[in-house]
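Subject: Structure handover

Hello,

Please find the structure below, with notes on what was found in it.

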Amino acid sequence: MTDTENDDFRAADPAEADDELATRLADLDDDLAHQRATALRAGLDDYELDEEDLDVLDAVTEDPDAIRYLPALPVIAIVGRPNVGKSALVNRILGRREAVVEDTPGVTRDRVSYKGEWNDRRFTLVDTGGWEPDARGIDASVAAQAEVAIDLSDLVLFVVDATVGATSTDEQVVRLLRKSGKPVLLLANKVDDARQEPEAAALWSLGLGEPYPVSALHGRGVADLLDEILKELPLVSKVAKDEVGGPRRVAILGRPNVGKSSLLNKAAGEERVVVNELAGTTRDPVDEQVELGGKVWRFVDTAGIRRRVHLQQGADFYASLRTSAALEKAEVAVVMLDVSQPLSEQDVRIIDLVLESGRALVLAFNKWDLLDDDRRRYLEREIEQDLAHVSWAPRVNISARTGRHLERLVPALELALESWDTRIPTGRFNAFLAELTAAHPHPVRGGKQPRVLFGTQASSRPPTFVLFTTGFLDAGYRRYIQRRLREIHGFEGSPIFVNMRVREKRKR
């Protein structure tokens with residue numbers, strides 16, 4: 001469905017119909033809704049279902065308080081000297097060109113993480129810059145990122161150029177890896193054919209066990225390597241594992257100097273965070289128990305996402321791995337925006353990081369006390385243009401420096417977390433789908449009209465819905481379902497995901 005078609009679709013859905021749908025669903029008899037959903041579920045037995053489908057269906061519940069987390073994906077860090085082929089290996093494992101590959105040492109200066117999958121197992125892959133033990137300047141920053149990546153990983157792939165052999169730098173890396181205590185697989189890269197196998201065998205000297213000969217460029221040996229990785233990799237990350245209970249966990253995100261540490265200090269009532277302008281000086285997020293609004297919260301100040309001034313090409317995400325790790329641990333993110341400056345591409349990217357992580361979201365517009373009427377007009381226009389995709393996130397106008405309106409953060413956080421925790425009983429969700437698809441059926445595509453057979457909320461935190469369908473639902477129609485879910489059930493401050501499972505009838 002094109003954007004134009006989606007606009008037409010939206011226009012055909014007046015507010016009166018919204019009110020009618022909300023009223024009908026409010027008057028719904030829960031027992032009757034449950035019976036109908038049970039009948040729809042039974043009808044799925046006529047379709048080809050796989051084991052994952054059955055796992056989703058086994059989790060179907062009418063309990064609105066049932067909480068089910070999506071597990072934190074295990075993390076694989078790829079480390080090694082510059083120009084040994086780490087980025088090429090990332091692309092080969094992902095099966096797509098994502099990482100920048102150039103025949104120049106040190107091209108990958110930023111730590112970048114990607115979602116990968118092999119044999120139905122999903123994981124996070126972290127590509128780092130080259131590690132140099134006596135690195136200075138920008139190389140020191142690269143080295144620090146690699147060290148952080150090792151600290152925050154479940155498994156390390158150490159890449160060595162087999163055509164060069166083990167260097168003194170490689171031996172220094174081995175010492176770092178041994179100290180980390182993490183499981184390590186030693187990869188002998190650039191082994192393009194059998195004649196180069198002896199070069200790989202020479203790397204036994206590093207003392208990390210058997211080297212795995214691979215060619216990231218040609219793909220040789222990578223499938224066998226991935227099978228080996230899955231044997232070593234935990235099903236759920238031990239680094240960013242879910243924490244249950246205790247104070248709700250809040251990550252404070254934003255560009256440098258936007259006021260993150262000031263917010264934490266003001267909330268804590270004392271100077272707990274020292275801000276240093278040198279990128280990479282603070283490696284671990286600072287966790288702080290804070291009482292705010294009569295409740296105890298656990299705030300994490302991530303020290304931000306930094307843009308290097310002396311690098312012209314694009315944004316530099318120093319410390320973004322720590323930011324990602326903080327998001328994995330957090331339940332809700334407060335993204336701070338400096339209203340005295342125009343909203344930037346970097347601000348939007350940080351918000352998108354939160355959306356990808358599936359965490360609840362609150363937007364804190366900081367330095368509000370510095371806002372004049374002219375800037376206010378421009379700001380509203382920027383919000384309308386750049387933040388339309390998160391119009392559902394609560395907005396709070398604060399001054400972290402003075403503490404003005406800091407108390408407004410609490411109801412915003414509570415609202416976002418309540419939405420993030422929300423579960424819609426299966427009977428009610430299917431009644432919602434039935435009303436929706438009856439009023440506005442999916443457009444016919446290729447002579448066929450996809451139908452929704454059954455729907456369920458597979459998990460909360462974030463709310464994730466699964467639709468079993470007879471055909472592919474257009475992106476515009478899925479957005480329509482999400483929009484109506486928000487209009488009926490709120491979900492203010494929480495991303496919601498609608499996934500499809502297209503299934504065919506069993507052959508008799």
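**Findings**

The protein chain has 16 helices and 15 strands, where helices (H or I, at least four residues) and strands (E, at least two) are DSSP runs numbered from the N terminus. This is a predicted model, in which local features need pLDDT of at least 70 and side-chain atom pairs count only at pLDDT 80 or more, while totals for chains, interfaces and linings use all residues. Residues are numbered from 1 along each chain as its sequence is written, and side-chain values use heavy atoms, with hydrogens and water left out.

Of the 508 residues of the protein chain, 50% count as buried (under 20% relative accessible area, with a 1.4 Å probe and protein chains only). Among contacts (heavy atoms within 4.5 Å) in the protein chain with a separation of 6 or more, 74% come from residues 24 or more positions apart.

**Cores**

A nonpolar core here is a set of buried Ala, Val, Leu, Ile, Met, Phe, Trp, Tyr and Cys residues joined through side-chain atoms within 4.5 Å. The largest has 27 residues, and those with the most contacts inside it are Leu263, Trp297, Phe299, Val332, Val334, Met336 and Val362. Two or more residues each come from β7 (248-253), α10 (260-268), β8 (286-292), β9 (295-301), β10 (332-338), β11 (360-366) and α14 (409-421). The most come from α14, which gives seven. A second, separate core has 25 residues, including Val354, Leu355, Leu371 and Trp392.

**Helix contacts**

Helix α3 (residues 30-43) packs against α15 at an angle of about 75 degrees, with the axes 8 Å apart (axes are lines fitted to C-alpha atoms over the stretch in contact, and angles run from 0 to 180 degrees between N-to-C directions). The two are therefore roughly perpendicular (65 to 115 degrees; under 35 is roughly parallel, over 145 roughly antiparallel and the rest oblique). Asp30, Ala33, His34, Ala37 and Leu40 of α3 meet Thr426, Gly427, Arg428 and Asn430 of α15.

Helix α15 (residues 426-439) also has α16 (residues 475-489) as a partner: their axes come within 11 Å and cross at roughly 120 degrees. The pair is therefore oblique. On the α15 side the contact is made by Phe429, Phe432, Leu436 and Thr437, and on the α16 side by Tyr477, Tyr480, Ile481, Arg484, Leu485 and Ile488.

Regards
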